[in-house]
Amino acid sequence: MITLVQNRIMEQVGTATNQVQTLEVEGNAAQEFTIKDATETIQFRLILHQKRLLVLGVSQPNATASAQIVTAFFNSLTFL
């Protein structure tokens, strides 16, 4: 399911500029990838949690884009 949604995002928004990372978030399967165009960078994290797919995305202007800040933001989120 995660891969299908990731592919659909890429069809609609653009091609990922980095390889899709498979990771685990609090025991849940997840994928992370980045899409970049001439003006902005969008970093996505897709998490499969309790049979629901959560799609997180952060957009930044290319001039100020920081993957470390976005990753820190994603990692700060927790399930209640």
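T17 sits in the loop between α1 (2-13) and β1, where helices (H or I, at least four residues) and strands (E, at least two) are DSSP runs numbered from the N terminus. At 48% relative accessibility, T17 counts as partly exposed; on this scale buried means under 20% relative accessible area, exposed over 50%, and partly exposed in between, with a 1.4 Å probe and protein chains only. Leaving aside residues up to four places away in sequence, T17 touches T34, I35 and K36, a contact being heavy atoms within 4.5 Å. From T17 to I35 it is 18 residues along the sequence, and 5.4 Å in space from C-alpha to C-alpha.

A word on the model itself. It is a predicted one, in which local features need pLDDT of at least 70 and side-chain atom pairs count only at pLDDT 80 or more, while totals for chains, interfaces and linings use all residues. Residues are numbered from 1 along each chain as its sequence is written, and side-chain values use heavy atoms, with hydrogens and water left out.

Stepping back to the whole protein, there are two helices and four strands. Read from the N terminus, the elements run α-β-β-β-β-α. The radius of gyration is 12 Å, close to the 12 Å that the globule rule gives for 80 residues, so the protein is as compact as a globular protein of that length. That radius is taken over C-alpha atoms, and the globule rule is 2.2 Å times the number of residues to the power 0.38. Along its principal axes, the C-alpha trace spans about 35 × 25 × 15 Å.

Of the 80 residues, 34% are buried. Among contacts between residues at least 6 apart in sequence, 32% join residues at least 24 apart. The accessible surface of the protein comes to about 5,300 Å², and carbon and sulfur atoms account for 54% of it; these areas come from the Shrake-Rupley method with a 1.4 Å probe, and for residues only the protein chains shown count as cover.

Next come the aromatic rings. Rings of Phe, Tyr and Trp (its six-membered ring) pair if their centres lie within 6.5 Å; planes under 30 degrees apart count as stacked, over 60 as edge-to-face and the rest as tilted. By this rule there are two aromatic pairs. F33 and F44 make a stacked pair, 5.1 Å centre to centre with 20° between the planes. This pair links distant parts of the chain, with F33 in strand β2 (residues 28-36) and F44 in strand β3 (residues 40-49), eleven residues apart. F33 is buried at a relative accessible area of 0%, and F44 also counts as buried, at 9%. The rings of F73 and F74 have their centres 6.0 Å apart and their planes at 45°, so this pair is tilted. Here F73 is partly exposed, with a relative accessible area of 42%, whereas F74 is buried at 3%.

Two loop residues have a backbone angle worth a look. E26, in the loop between β1 (21-25) and β2, has a positive phi of about 50° although it is not a glycine. E26 is partly exposed, with a relative accessible area of 47%. K51, in the loop between β3 and β4 (52-61), has a positive phi of about 65°, and it is not a glycine either. K51 is exposed, its relative accessible area being 81%.
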